[in-house]
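Hi,

Here is the structure I promised to pass on. Have a look at it first, and my notes come after.

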Amino acid sequence: MKKNQYASGSGIKRLSINQLAAMKQRGEKISSLTAYDASFSALLDKVGIDIILVGDSLGMVIQGHETTLPVTINDMIYHTRCVAAARRRAFLVADLPFMTYYTPLVAAEQAARLLQAGAQMVKLEGPRNECISFLVDQGIPVCGHLGLLPQSIHQVGSYKVQGKEQTDAAKIIDDAYQLEQAGAGLLVLECIPAGLAREISMQLSIPVIGIGAGVECDGQVLVLYDMLNIGIIKRPRFSKNFMVEAADIEQAINAYHQAVKQLQFPAAEHSF
Ligand code: KIV
C-alpha cells in the first residue's frame with residue numbers, strides 16, 4: 001500500500017498557538033482559509049497557509065443551506081477528520097456549530113470531540129466568556145469570534161457590517177478584551193470597520209484574524225469557495241476572486257497567501 005505522504009513523521013513541524021503568537025509579536029501576518037476536505041487541506045498546507053479553519057460555513061458552501069444553523073456537531077467532526085488527515089504544518093481550528101455551547105459543560109463535551117477529530121482549537125461565536133474559561137481550564141484552546149455572528153443571523157436580521165455606531169464599537173472592544181481575559185488564544189473579527197479592528201488588534205496580545213475587518217489585523221481569513229469564486233452564494237464585498245489572475249487553484253491560493261503576508265489584501269475596496 002502507498003504511504004500517506006501527509007502522515008505524521010514526514011519531518012514537517014506543525015504550527016502551534018505559541019508560534020502564531022510569536023508571528024504577531026514580530027509583525028508577520030498570519031494567513032488563513034477555510035477547508036472542508038483532505039484534498040484542499042493538502043493544497044492549503046503545501047502553499048503554506050498558517051491556519052486552516054473547518055468553518056461551519058460548510059453548511060452554506062458544501063451543504064447548500066441558506067445559513068450555518070443546520071450544521072451539526074457530527075458534520076463538523078466528519079469534515080475536521082477529513083481536513084486533519086491531510087494537513088501537516090497548518091494550525092487546525094474547527095467551529096463549534098449552533099447550539100453546541102449553550103452551557104460550559106455542553107461546550108466541553110462537544111469541543112472534546114472536535115479535538116479528538118484532529119482540531120488544535122475550537123472556535124465559538126460571541127462573548128461567551130464563561131464557556132471560554134471553562135474550556136481553557138479543561139485544556140481546550142479557544143478562538144473567539146466577534147463582529148458579525150452568522151449563527152445569530154435571525155437575531156441580527158442580515159449579513160451587515162457591525163460596530164459602526166460608537167456604542168456598538170465600544171461593546172466589541174470590551175467583549176474582545178474580556179474574551180482575552182477569559183483565556184481565548186485567537187480572535188476572529190468579522191465584518192467590522194477597519195479602524196475598529198486596528199484598535200482591537202493593537203490592544204490585544206493574542207493574534208486577531210480579520211474577515212472584512214481591514215488590513216491591519218494580525219492575519220486574514222476567507223471562505224475558500226468565495227476566493228476561488230465557486231460559491232453558490234454571491235461573493236461578499238470583503239472577499240476577492242483570486243482565480244482571475246491565476247492559471248490554477250494552487251496559484252490562486254498562493255496569490256492570496258502572498259497578498260496577506262505583504263499587506264496587499266484586503267485593499268480599501270474590501271474593507272469598511
Ligand atoms: O465558518 C466560517 O467559515 C467562519 C469564517 C467566516 C471566519 O467562521
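Below is what I found, starting with the whole chain and then going to single residues.

First, the ground rules. This is a predicted model, so local features need pLDDT of at least 70 and side-chain atom pairs count only at pLDDT 80 or more, while totals for chains, interfaces and linings use all residues. Residues are numbered from 1 along each chain as its sequence is written, and side-chain values use heavy atoms, with hydrogens and water left out.

**The chain as a whole**

The protein chain has 11 helices and eight strands. Helices (H or I, at least four residues) and strands (E, at least two) are DSSP runs, numbered from the N terminus. The radius of gyration is 17 Å, close to the 19 Å that the globule rule gives for 272 residues, so the chain is as compact as a globular protein of that length. That radius is taken over C-alpha atoms, and the globule rule is 2.2 Å times the number of residues to the power 0.38. Along the principal axes, the C-alpha atoms fill a box of roughly 60 × 45 × 40 Å.

Of the 272 residues, 55% count as buried. Buried means under 20% relative accessible area, exposed means over 50%, and partly exposed is in between (1.4 Å probe, protein chains only). The chain exposes about 12200 Å², and carbon and sulfur atoms supply 51% of that. These areas come from the Shrake-Rupley method with a 1.4 Å probe; for residues, only the protein chains shown count as cover.

As for contacts (heavy atoms within 4.5 Å), take those between residues at least 6 apart in sequence: 64% of them join residues at least 24 apart.

**Salt bridges**

The whole structure holds nine salt bridges, meaning a side-chain nitrogen of Lys or Arg within 4 Å of a carboxyl oxygen of Asp or Glu. The part I'd look at on screen is a network of them that links R26, E28, D50, R89 and K261.

Start with E28 and K261, whose closest N and O atoms are 3.1 Å apart. E28 lies in the loop between α1 (17-25) and β1 (30-34) and K261 in helix α11 (residues 249-261), so this pair ties together parts that are 233 residues apart in sequence. Both residues are partly exposed: E28 has a relative accessible area of 30%, and K261 has 21%.

K261 also forms a salt bridge with D50, and here the closest N and O atoms are 2.7 Å apart. With K261 in helix α11 and D50 in the loop between α2 and β2, the pair ties together parts that are 211 residues apart in sequence.

D50 has another salt bridge, to R89 (2.9 Å, N to O). D50 lies in the loop between α2 (38-47) and β2 (51-54) and R89 in the loop between α4 (73-86) and β3 (91-95), so parts that are 39 residues apart in sequence are tied together. Is D50 buried or exposed? It is buried, with a relative accessible area of 1%, whereas R89 is partly exposed at 25%.

L263, in the segment after α11, has a positive phi of about 60 degrees although it is not a glycine. L263 counts as partly exposed, at 47% relative accessibility. Then a cis peptide bond joins F265 and P266, with omega about 0 degrees; P266 is in the segment after α11.

F265 turns up again as a contact of S239. Not counting residues up to four places away in sequence, S239 touches L222, D226, M227, F265 and H270. S239 sits in the loop between α10 (224-227) and α11, and it is buried at 4% relative accessibility.

**The loop between β3 and α5**

M99 is in the loop between β3 and α5 (104-116), and it has a positive phi of about 60 degrees without being a glycine. T100 is found in the loop between β3 and α5 too, and it is buried, with a relative accessible area of 9%.

What does T100 contact, leaving aside its neighbours within four places in sequence? The list is I73, V106, A107 and Q110. T100 and I73 are 27 residues apart along the chain, and their C-alpha atoms are separated by 7.4 Å.

Cheers
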